[in-house]
Amino acid sequence: MVVRPATCASILILATGNAVLAKSPQEQMFPGPDSCYARSYSADHLASHPAQRVTQITVSPDFTIADPMLGLHVELRLRGVPGGAFEGYGYCENEGGDTLYCGMEGDAGGFQVTPAKKGGILVTVSSYGMSFENDTGFATLERSSGDDRSFLLQPVACR
């Protein structure tokens, strides 16, 4: 088999192009400040998941943290809990593969973020849980109990 120099150059360009096209999890899921995700659970969904407390969850990026870290603002509303939305802040870095690991501010647990179908993301509570606060107090999502362990979010316009 004879390999011509032009063929070798074409193969090298294609291989190099694929390496350049590979994106980190942060670049893939949060390419800019308008990369927000949310989910509001329907009454039917909540009725079929009585142990789920989260009724609404949003995730929005904050690029003011020094590279390679990414800040994610997480806001959620809980069933039957007064006081409005609970908020938390995660500091995220590429964990390997297609996953971001985010440690919550103030030693409040953590979560993983992975790409999902249709341009969405899957947020999974870490073994340390995830804690949030609002004007009336604190709330924690546990990885080992309830139906608040992972959340499939879709892209939305940022507020």
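**Reading the model**

Guide: Let's begin with the parts list: the protein has three helices and nine strands. Helices (H or I, at least four residues) and strands (E, at least two) are DSSP runs, numbered from the N terminus. In sequence order the pattern reads α-α-β-α-β-β-β-β-β-β-β-β.

Visitor: Before we go on, what sort of model is this?

Guide: It is a predicted model, where local features need pLDDT of at least 70 and side-chain atom pairs count only at pLDDT 80 or more, while totals for chains, interfaces and linings use all residues. Residues are numbered from 1 along each chain as its sequence is written, and side-chain values use heavy atoms, with hydrogens and water left out.

Visitor: What percentage of the residues in the protein is buried?

Guide: Buried means under 20% relative accessible area, exposed over 50%, and partly exposed in between (1.4 Å probe, protein chains only). Here, buried residues make up 37% of the 159 residues. As for the surface, the protein exposes about 9,300 Å², and carbon and sulfur atoms supply 55% of that; such areas come from the Shrake-Rupley method with a 1.4 Å probe, and for residues only the protein chains shown count as cover.

Visitor: And how do I read contacts?

Guide: A contact means heavy atoms within 4.5 Å. Among the contacts in this protein with a separation of 6 or more, 47% are between residues 24 or more positions apart. T124 is buried, with a relative accessible area of 19%. Leaving aside neighbours within four places in sequence, T124 touches F111, Q112, R143, R149 and S150.

Visitor: How many salt bridges does a search of the whole structure find?

Guide: The rule is a side-chain nitrogen of Lys or Arg within 4 Å of a carboxyl oxygen of Asp or Glu. The search turns up two. One of them joins the side chains of R53 and D148, at 3.8 Å from N to O. This pair links distant parts of the chain, 95 residues apart: R53 sits in the loop between α3 (43-48) and β2 (54-62), and D148 in the loop between β8 (137-141) and β9 (150-156).

Visitor: Which residues form the negative surface patch?

Guide: Patches are made of residues with over 30% relative accessible area and no salt bridge; like charges are joined within 9 Å, and nonpolar side chains (Val, Leu, Ile, Met, Phe, Trp, Tyr) within 5 Å. Lys and Arg count as positive and Asp and Glu as negative, with His and the chain ends not counted. A charge is placed at NZ of Lys, CZ of Arg, CG of Asp or CD of Glu. Here the patch is formed by E87, E105, E133 and D135. Of these, E105 lies in the loop between β5 (99-104) and β6 (109-115) and is partly exposed at 46%.
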